[in-house]
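This report describes a predicted model.

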Amino acid sequence: MLRKIANPARLLTFQRTMASTASTGPLVRTELDSQTGYAKVTLNRAPVNSLSLEFMAEIIKTVDELERSKIRGMILTSSSSKVFCAGLDILEMVNPSEDRLRSVWRNLQDTWAKLYGTSFPTVALINGHAPAGGCLLALTCEYRIMCSNFSIGLNETQLGLAVPPWLQKTMKNTVGAREAEIACIKGTMFSSEEALKIGLVDELAADKGEAMHKACNYLDTFKNMSPYARSATKLLLRNKKIEDMQRAREDDIDRVVKNVMNSDFQAGLAAYLQSLKDRKK
Ligand code: CO8
């Protein structure tokens, strides 16, 4: 019998007073199980959780709030049954103003840094496709559980975008240098089963319920451990990478601006958007 994350009676739900999508409520939903201290954070920007400037700001605020609440663990998931997160909102890259693009990329860097450097344990419950920035969100977590029959990967080069060094490193740390090099250059999207094989995800689950059970099992492994020793070790492992990103962030932003404002990139992006629409027909 699978254990649910929480008995509804002991669930505290933060309904943040944030911008919301027209039909589906808050952009980020947080439910805290007061008994375990685990928070379920649900990405809720219909239809595909694409990362707009405002959405990333909400994710960052949510993590700040959870740090203050001294939670014992976080499970990051999606309200969609098909898409964990479709990556950066492509519309943010269509003929953007330079100022906005700089802010978008800065927020993407901050979102990565915030999630990568949490003091509490984190699990990505990948219950849908996770291309590009969706894979980035999953990679920031300590542990990844993916439902079957979806895809995940850093497909940026397929769109004409270079994968930034800090994200390449996160991929390398997860799957090893050789797999990461090939995957980043090719922009490979892996099936759930392939992702398990190369270590991009840690476990597969038949459905979200089973994945939730496995996520809680991972968090339970820290139940009797000193939170201090755990988080200090994690941060000693990860802080240097965050500092490296921060030191080079302006160069990274300049490179992205040059990449995205280029007319060839814009033409390729228009074709990519069209291909997404054609795929639907
Ligand atoms: N941004 C904005 N809108 C999107 C995005 C997106 N990333 N992805 C999909 N949509 C839109 C679609 O155009 C569609 O719109 P409409 O209904 O108006 O036609 C709607 O969302 C639903 O999409 P689908 O019908 O395609 O939904 P499916 O469930 O069939 O498929 C997928 C979902 C698999 C997610 C599919 O939509 C897809 O492949 N999308 C493209 C994903 C992608 O390539 N993202 C890359 C973004 S770039 C990025 O993240 C770079 C930053 C990452 C880190 C740094 C590295 C450089």
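**Sheet**

Three strands form an open sheet in the order β8-β10-β11, and their pairing is mixed. The edge positions belong to β8 (130–131) and β11 (190–191); each has a single partner strand, so one side of each is left without a neighbour in the sheet. In general, the strands of a sheet pair through backbone hydrogen bonds, in either the parallel or the antiparallel sense. Here β10, which covers residues 151–153, pairs with β11 in the antiparallel sense over two bridges. Within that pairing, S151 has S191 of β11 as its bridge partner.

**Pockets**

The largest pocket has a volume of about 1200 Å³. Its lining comprises 38 residues, and those nearest the centre are V48, A86, I90, L276 and R279. Five helices, α2 (98–116), α3 (133–140), α4 (156–159), α5 (165–175) and α11 (263–280), each contribute at least two residues to this lining. The largest share comes from α11, which supplies six residues. Sorted by class, the lining of the largest pocket consists of 23 nonpolar, eight polar and seven charged residues.

The second largest pocket has a volume of about 320 Å³. It is lined by 20 residues, with K70, I71, R72, F120 and P227 lying nearest its centre. Two or more lining residues come from each of α1 (53–68), α8 (208–220) and α9 (227–247). Among these elements, α9 gives the most to the lining of the second largest pocket, with three residues. The class composition of this lining is nine nonpolar, five polar and six charged residues.

**Ligand surroundings**

The ligand is surrounded by 30 residues, of which L88, I90, Y272, R279 and K280 are the closest.

| Residue | Protein atom | Ligand atom | Distance |
|---|---|---|---|
| I90 | backbone N or O | nitrogen | 2.8 Å |
| N155 | side-chain N or O | oxygen | 3.2 Å |
| Y272 | side-chain N or O | oxygen | 2.5 Å |

Taken alone, the ligand exposes 1100 Å², and the protein buries 82% of that area.

**Enclosed cavity**

Rolling a probe the size of a water molecule over the atoms shows where empty space is left. A search of the whole structure finds one cavity of 30 Å³ or more. The volume of the largest cavity is about 30 Å³. Its lining is made up of V28, V41, I59, T62, V63, L76 and L115. The element that gives the most to this lining is α1, with three residues. By class, the cavity lining has six nonpolar residues, one polar residue and no charged residue. By contrast, charged residues do occur in the linings of the largest pocket, where they number seven, and of the second largest pocket, where they number six.

Key:
Residues are numbered from 1 along each chain as its sequence is written. This is a predicted model: local features need pLDDT of at least 70, side-chain atom pairs count only at pLDDT 80 or more; totals for chains, interfaces and linings use all residues. Side-chain values use heavy atoms; hydrogens and water are left out. Two strands pair if DSSP finds at least two bridges between them. Helices (H or I, at least four residues) and strands (E, at least two) are DSSP runs, numbered from the N terminus. On a 1 Å grid over the protein atoms alone, a cavity is a set of points where a 1.4 Å probe fits but cannot get out, and a pocket is an open set with protein on both sides within 12 Å along at least five of seven lines; lining residues have an atom within 4 Å of a point. Grid points are joined across faces, edges and corners, and a volume is the space filled by probe spheres set on the points. Ala, Val, Leu, Ile, Met, Phe, Trp, Tyr, Cys and Pro count as nonpolar, Asp, Glu, Lys and Arg as charged, and the others, Gly among them, as polar. A residue is near a molecule or strand if one of its heavy atoms lies within 4 Å of it. A polar contact is a pair of N or O atoms within 3.5 Å; within protein, one must be able to donate a hydrogen and the other to accept it, and residues adjacent in sequence count only if both atoms are side-chain atoms. Accessible areas come from the Shrake-Rupley method with a 1.4 Å probe; for residues, only the protein chains shown count as cover.
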